[in-house]
Amino acid sequence: MTDALIELEENATHTGPKGVINDWRRFKLESMDQESLPPAKRELLRQMSSQRPKDDATGHRKMSVQEYEMLKEEDEGCLKQYRRKCMQEMHEKLSFGPKFEGVHDLDSGEAFLEVIEKEHHSTVVMVHIYKVGVKGCEELNNCLGCLATEYPTVKFCRIDAVASGASERFSDEVLPTLLVYKAGELLGNFLSCTQHLSEEFFATDVETFLNSYGLLPEKELQLGDEEENDVE
């Protein structure tokens, strides 16, 4: 068993149907406006959320009819919130590798080589080589900024062709250039990459282009999407 799986197992304090029910009870009690509840209902929720003596033949306390009816009446909005909380916790435990924010500026050829060679082996590194005033460069920078929020496990970078120390190689005719690396290996080398896009392109167009080569990971879990898919 890997260390990551062992850690997940050690952190999984609420497992199985009974554990989930008890965890839900505690979450419900903590999230409800206690002052707005009738005293009897507030006390019942408190009892339901606390550890109770085990009193059935299997070693687990039986759920009373009153408790069952209470669970049936639970607020739908709170249930959705609980589900989002559980999904977020699981997602955080299963997300490996570093996370990044925005597009990182590289100021030299040395910084360019360092980000390629020293980044985490699981990280996809995308480097946009640009020059101010060259058609498509500014637009691509903006698009990569949008994609950086959608794909935080990808490290998006940009470097001016002159600062890279290889301006002869990256002349205006081949800009903007997009290079894609992983574990130090070049996966994609797209010269004049905007030629693959329409005259007016957006982040979704760049995303589709990169996905056509399998260069983007699956998007990060969006909890809002889960809520929209809830079954009434």
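**Cysteines**

I looked up cysteine 157 and found it buried, at 0% relative accessibility. Buried here means under 20% relative accessible area, exposed over 50%, and partly exposed in between, with a 1.4 Å probe and protein chains only. The model is predicted: local features need pLDDT of at least 70, side-chain atom pairs count only at pLDDT 80 or more, and totals for chains, interfaces and linings use all residues. Residues are numbered from 1 along each chain as its sequence is written, and side-chain values use heavy atoms, with hydrogens and water left out.

I then looked for disulfides, taken as pairs of cysteine sulfur atoms within 2.5 Å. The count came to 0. Cysteine 137 is in no disulfide; its nearest cysteine sulfur belongs to cysteine 193, 8.0 Å away. I noted cysteine 137 as buried too, with a relative accessible area of 2%.

**Cores**

Next I checked the nonpolar cores. Each is a set of buried Ala, Val, Leu, Ile, Met, Phe, Trp, Tyr and Cys residues joined through side-chain atoms within 4.5 Å. The largest has 23 residues, and Met126, Leu144, Leu147, Phe156, Val206 and Leu210 have the most contacts inside it. At least two residues each come from β2 (124-130), α7 (137-150), β4 (177-182) and α8. Helices (H or I, at least four residues) and strands (E, at least two) are DSSP runs, numbered from the N terminus. α7 gives the most to this core, with 5 residues. I also logged a second, separate core of 20 residues, which includes Leu106, Ile159, Ala161 and Tyr181.

I followed up leucine 144. Contact means heavy atoms within 4.5 Å. Leaving aside neighbours within four places in sequence, leucine 144 touches Val103, His128, Phe156, Leu178 and Val206.

**α7 against α8**

I looked up how these two helices pack. Their angle is about 75°, with the axes 8 Å apart. Axes are lines fitted to C-alpha atoms, for helices over the stretch in contact, and angles run from 0 to 180 degrees between N-to-C directions. α7 and α8 are therefore roughly perpendicular, the class for 65 to 115 degrees. Leu140, Cys143, Leu144, Cys146 and Leu147 of α7 meet Ala203, Val206, Glu207 and Leu210 of α8.

**Phenylalanine 209**

Last, I turned to phenylalanine 209, which sits in helix α8 (residues 203-212). Phenylalanine 209 is buried, at 11% relative accessible area. Beyond neighbours within four places in sequence, phenylalanine 209 contacts Phe190, His196 and Leu197. I also noted 9.6 Å between the C-alpha atoms of phenylalanine 209 and cysteine 193, 16 residues apart along the chain.

Notes: Parallel < 35°, antiparallel > 145°, perpendicular 65-115°, else oblique.
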